[in-house]
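These are my notebook entries on a structure I examined. I record what I looked up, entry by entry.

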Amino acid sequence: MKEQLMEILEDLRPDVDFENEKALITDSILDSFDIVSLVGALNDEFDIEIQVGNLVPDNFNSIEGMMALIEKLQDEDQ
Amino acid sequence: MITDIALQLGMAAQKYKDKIMYSDSGQSVSFEKVYDLAKRLGTAVAKKKGIRHGIAVMTGRNVFTPAVFLGVALAGCFYAPMDASQPEKRLKDILSVLDTDLLIADSENIERAKALGFEGEILCAEELFECEADDRILAQVQADKSADDPLYVIFTSGSTGKPKGVITSVFSLCCYINAYADVMGIDDTDILGNQSPLDYIAAIRDIYLPVFRGASTFIIPKQCFVMPAELFRTMNEQKITSVGWSVSVFTIAVKVGAFSEGKPEYLKKVCFSGSVMPTNVLRVWQENLPDTLFVNQYGPTECTASCTYYKIQRQFSDDEELPIGTHYKNYRVFLLGDDNSPTPQGEMGEICVSGPILALGYYNNRELTEKSFIQNPLNHAYNERIYKTGDFGIMREDGVLLFKGRKDRQIKHLGHRVELSEIEAAVLRLDSVDEACAMYLKEKELIYLFYSGNAASKEIAVHLRGVLPGFMVPRKLVSLESLPHLSNGKINMQELKEMMK
């Protein structure tokens, strides 16, 4: 899953070091437009349905946060 | 109409005393406090510099930034706000156009300011707030000031690759703020929710409506606009009643389904501007907030942020066009043809503006100023400067104006004005790029960059992040063997357009 996620992220923002950035939202590295594109891409790729309530900094500040969110949503689905 | 910021601020401080004037997620300042801070900073600046002196300001997104701006105004000087998060190259460009000898930074940004190689003096805002206010000095400034003195210089994308500084006078600002407040019905019961960066033109409402109408402004944390779930919650916590936001914020909220978990309960007055509002997005907002006033505003920075407004009284279907409406008070708006002849009603012409709201021009750029601000070709009787916006419009029979696009390669992206040629100029500074063409896919709000050469897309992205503001960096980088050309040698944009689909 991490590889797929990294692929999406690097395609979205090739200039960002996603492995090491841990404050993507709090430090304003990703903007609102990135988030909208990202949510669409994650929904498609992982067959999940990210809700507006999931759009909080903790879930998007780092790839770990994003993976935890994806896993949680996939589990809920089953 | 009072055309003196010092007088207006003094009156507001006297009337509203300890009422909150500005607040952010960490702190708040009262009307009295802001007046006190502005007087202290104003005195310190006035002691150093003469009246009508340009001052660069680099301060953060917090309640003290408006106090710095107002302090500079009290000193009879004008400010040029700079966003410290922008790349060094751009900040240096701004300083070189401004050609000033004084920069005020807060403690959060002063190290960054010092690293810019600025040769003038750098002063710390917090220290200036500690200086003693001297009413005698400030009264002398007030006596010497004139309503058409510059108030601020705001920088916007320039097609030659260097940002251009639009100069707005005190009088222009007063005209716009009063006209806007009347249209929106803003008074001292309102709490405004600020979205715009404080260095950007749209923030003037959030900064000056408290001064002129006694409203309070809450500076919404930047991350709320990235995480819309937090946006509505924050707005309800702060009981925000009125916003003036760029269209992209409304669009994004709808795209992520923000209304599925609540709505901004207190919001009664909404103005949007910056680009064309999709009617399907507007309908979602209208359905969720049926008792709220929605106003579509149109206008460039050169006319003090605006020209026309349209109060939306009904729902618009997908194939209907949202008008940009009629002129604000103190604005004259009309259409001219290519040959400078008046455009008949119902036909397309270039939107032109005149009146006391016109900018004083582009700072330190006579040539561009004279080209852009010209004598009204229809007026042979007296001096009347007009600004040709570069936008096309059609005047409807009922006097309502419709927007019909741009005549050049300027686009509006996420509420910001972007010259595509400025992006290309930045890309071409890389030796590894041979040719480049920036294009805009409006439906998806994506800036594309087509390029040839052996540069990797990552190299270009990293380079652009270092020289351009984030919103100007293309999201799609497409490497081509060579760019398609027309027989006259120009890049074939039509063919590139096809490739974006």
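**Entry 1: Where the two chains meet**

I began with the contacts between the chains: 23 residues of chain B are in contact with 18 residues of chain A. I note that this is a predicted model. I then looked up which elements give two or more residues to the side of chain B that touches chain A, and found helix H10 (223-226), helix H11 (228-237), helix H12 (247-255) and helix H16 (457-467) of chain B. H16(B) gives the most to this side, with 5 residues. By class, I recorded 11 nonpolar, 5 polar and 7 charged residues on the side of chain B that touches chain A.

**Entry 2: A residue of chain A**

I next looked up A:Thr26, which is found in the loop between helix H1 (2-12) and helix H2 (32-46) of chain A. Leaving out residues up to four places away in sequence, A:Thr26 touches A:Pro57, A:Asn61 and B:Gln223. A:Thr26 and A:Asp58 are 32 residues apart in sequence, and their C-alpha atoms are 9.1 Å apart in space. I class A:Thr26 as partly exposed because it has 15 C-beta neighbours inside 10 Å.

**Entry 3: The sheet of chain B**

I traced an open sheet of 9 strands in chain B, with mixed pairing and the order E2-E1-E10-E9-E11-E12-E13-E14-E15. Its edge strands are strand E2 (28-30) and strand E15 (326-327) of chain B, each of which pairs on one side only. Helix H2 (residues 31-48) of chain B lies across strand E1 (20-23) and E2 of chain B, and runs at about 85° to E2(B).

I then followed strand E9 (residues 191-194) of chain B. It pairs in the parallel sense with strand E10 (residues 216-219) of chain B over 4 bridges. The bridge partner of B:Ile191 in E10(B) is B:Ser216. Going from E9(B) to E10(B), the chain passes through helix H9 (residues 203-213) of chain B, and this β-α-β crossover is right-handed. E9(B) also runs parallel to strand E11 (residues 242-246) of chain B, to which 2 bridges join it. Here B:Leu192 stands opposite B:Ser242 in E11(B).

In a regular strand the side chains alternate between the two faces of the sheet.

**Entry 4: An antiparallel pair and its loop**

Strand E13 (residues 293-298) and strand E14 (residues 308-312) of chain B run antiparallel and are joined by 5 bridges. B:Val295 has B:Lys311 in E14(B) as its bridge partner. The loop between E13 and E14 of chain B holds B:Thr304. This residue has a positive phi of about 55° although it is not a glycine. Is B:Thr304 buried or exposed? B:Thr304 is buried, because 32 other C-beta atoms lie within 10 Å.

In soluble globular proteins, nonpolar side chains tend to be buried together. The largest nonpolar core here has 153 residues, and those with the most contacts inside it are B:Val34, B:Val57 and B:Val72. Helix H8 (residues 170-184) of chain B supplies the largest share of this core, 11 residues. I also noted a second, separate core of 23 residues, which includes B:Ile423, B:Ala426, B:Cys437 and B:Tyr440.

Terms used. Residues are numbered from 1 along each chain as its sequence is written. Chains are lettered from A and ligands numbered from 1 in the order in which they are written. This is a predicted model: local features need pLDDT of at least 70, side-chain atom pairs count only at pLDDT 80 or more; totals for chains, interfaces and linings use all residues. Two strands pair if DSSP finds at least two bridges between them. Two residues are in contact if their C-beta atoms, placed from the backbone, lie within 7 Å. Axes are lines fitted to C-alpha atoms, for helices over the stretch in contact, and angles run from 0 to 180 degrees between N-to-C directions. A residue is buried if 20 or more other C-beta atoms lie within 10 Å of its own, exposed if 12 or fewer, and partly exposed in between; C-beta atoms are placed from the backbone. A nonpolar core is a set of buried Ala, Val, Leu, Ile, Met, Phe, Trp, Tyr and Cys residues joined through C-beta atoms within 7 Å. Ala, Val, Leu, Ile, Met, Phe, Trp, Tyr, Cys and Pro count as nonpolar, Asp, Glu, Lys and Arg as charged, and the others, Gly among them, as polar. A crossover is right-handed if, with the strands pointing away from the viewer, the path from the first strand over the helix to the second runs clockwise.
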